[in-house]
Amino acid sequence: MLDFMRQGDDPQITNLAVGVPGPDALPVAALQSAFNVAFAREGAALFAYHHPEGDPALRAHFAARLTQRGVAGVGAGQVITTTGCTQALRGLVSLLVRPGEVVAVEAPGYYALLEMLAEAGAQVLPIPVRAGAGVDLDAAEAALARWRPRAFFVCTTLSNPTGATLCDSDRERLVGICRKHGVRLVEDDLFGELADGGGPKPCRAWDDGGTVSYVTSVSKTIAPGLRVGACVPGTPELHEAFAEWKTRHDIHSAVLSEGVLRYFIEQGDAAGRHLEWLREHYRRRRELALETIARAFPPGHRVAAPEGGYLLWVELPEGVDIARLRKRALEAQMAFAADTVFYPTPPPAEGPRHIRLNCARAAEPELVRALEVLGTLLERF
């Protein structure tokens, strides 16, 4: 993860590896306006300590958004703001997982989560993801019944890295499977609002908090630099434990960021228009990338078009040496994410190999050039 983030700041590299949005997707003018309003109305309060569980009005906004998406019974008092989605995941890992305990994850899945679980000393149980359709529920049910993991971490919409999205019936079934086997389902909804047509119902819509914990952030939809996320831990006991854990670690998240975000959201029309524009923006970027890949990559590659977002999961032609390909790509000043970082153990040598490509960070001419460079290298190999 440190490697990816350092590469992201290198101006000499067209970085299709790190999974962050590009600067042209950030609503800078609207955020500046929100800051000016927040500063004028609240002044010194933006630079003081505040509630350990976060800005009360902002927590109410997160709860209201869940209500709009079909989740009943979640109010501001059940939401805790966090320093990005990363801290929300970190807190739940810290509270739920002890060394040696089994934890289920999607495979492939989010590399930073795998690093957190490794640090916690967990035994990681990989559950395969079906191409385009999300986690394999038959495999999940069998594995959860056998191993009874402490928790199951799932990115339900536009899963990172595959871009797969679970349908509503599968979400309901997944909640039922976890409830049946006493497994806490941690739903990572980081990309949910980027789904074409709007965010689907979170798994929390089929639960009262007894089984599902929910995490999200505005890093992909508004601005990663705000570092604002949210967690709905679930039961009152888990909520209190999470609040205590967070207070021990940073007292509370950044008051200024939460205040600016609150006023940005309260602009209403501006926030809604930005999200609509963003979905269309990423749709154009995905189409441009898919067209370039179809033209520039050699026969034998496969790529599924996700239903939103900006990440593409590409199956490479048989026999490609990914380590060598990555080295040559960096020499040609472009970067991609190799499949090895998305699995708890290296993927089978005899199986298909994949790379993840970010369509959002590079400007369109740079995106096309980088994909053409990659296509040329694939032809050579």
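1. Helix α3 is followed by Gly70, whose phi is positive, near 100°; helices (H or I, at least four residues) and strands (E, at least two) are here DSSP runs, numbered from the N terminus. The model is a predicted one, in which local features need pLDDT of at least 70 and side-chain atom pairs count only at pLDDT 80 or more, while totals for chains, interfaces and linings use all residues. Residues are numbered from 1 along each chain as its sequence is written, and side-chain values use heavy atoms, with hydrogens and water left out.

2. At the start of α3, the backbone nitrogen of Ala57 has a side-chain oxygen of Asp55 within 2.9 Å. The helix itself covers residues 56-68, and its 13 residues reach 19 Å from the first C-alpha to the last, close to the 18 Å expected at 1.5 Å a residue, where the expected span is 1.5 Å times one less than the number of residues.

3. Which residues of α3 are buried? They are Leu58, Arg59, Phe62, Ala63 and Leu66, with buried meaning under 20% relative accessible area, exposed over 50%, and partly exposed in between (1.4 Å probe, protein chains only). These residues cover an arc of only 145° around the axis, which puts them on the same side of α3; the arc is that of the directions from the helix axis to the C-beta atoms. Among the elements that cover them are β2 (80-82), β8 (212-217), β9 (229-232) and α9 (255-266).

4. Within helix α9 one finds Ser257, which counts as buried because its relative accessibility is 15%. Leaving aside neighbours within four places in sequence, Ser257 is in contact with Leu226 and Val228, contact being defined as heavy atoms within 4.5 Å.

5. Helix α8 (residues 236-250) has 15 residues that should span 21 Å at 1.5 Å a residue, and its end C-alpha atoms are 21 Å apart, which agrees. Its buried residues are Leu238, His239, Phe242, Ala243, Trp245 and Lys246; seen down the axis of α8 they fall within an arc of 165°, so they line one face of the helix. On the other side of α8, Pro236, Glu237 and Arg248 are exposed. The buried residues of α8 pack against β2, α4 (84-96), β7 (184-188), β8 and β9, and just after the helix Ile251 takes a positive phi of about 70°.

6. In what order do the eight strands of the open sheet stand? The order is β2-β9-β8-β7-β6-β3-β4-β5, with mixed pairing, where two strands pair if DSSP finds at least two bridges between them. The edges are held by β2 and β5 (134-135), each with a single partner strand, so one side of each is left without a neighbour in the sheet.

7. Helix α4 lies across β2, β6 (151-155), β7, β8 and β9, running at about 155° to β8, whereas helix α7 (residues 168-180) lies across β4 (123-130), β6, β7 and β8, running at about 145° to β7. For these angles, axes are lines fitted to C-alpha atoms, for helices over the stretch in contact, and the values run from 0 to 180 degrees between N-to-C directions.

8. Strand β14 (residues 354-358) has five of its five residues buried, so it is largely enclosed by the rest of the structure. His354, Arg356 and Asn358 are on one side and Ile355 and Leu357 on the other. Five bridges join β14 to strand β11 (residues 311-315) and two join it to strand β13 (residues 337-338), the strands running antiparallel in both pairs.

Definitions and conventions:
A polar contact is a pair of N or O atoms within 3.5 Å; within protein, one must be able to donate a hydrogen and the other to accept it, and residues adjacent in sequence count only if both atoms are side-chain atoms.
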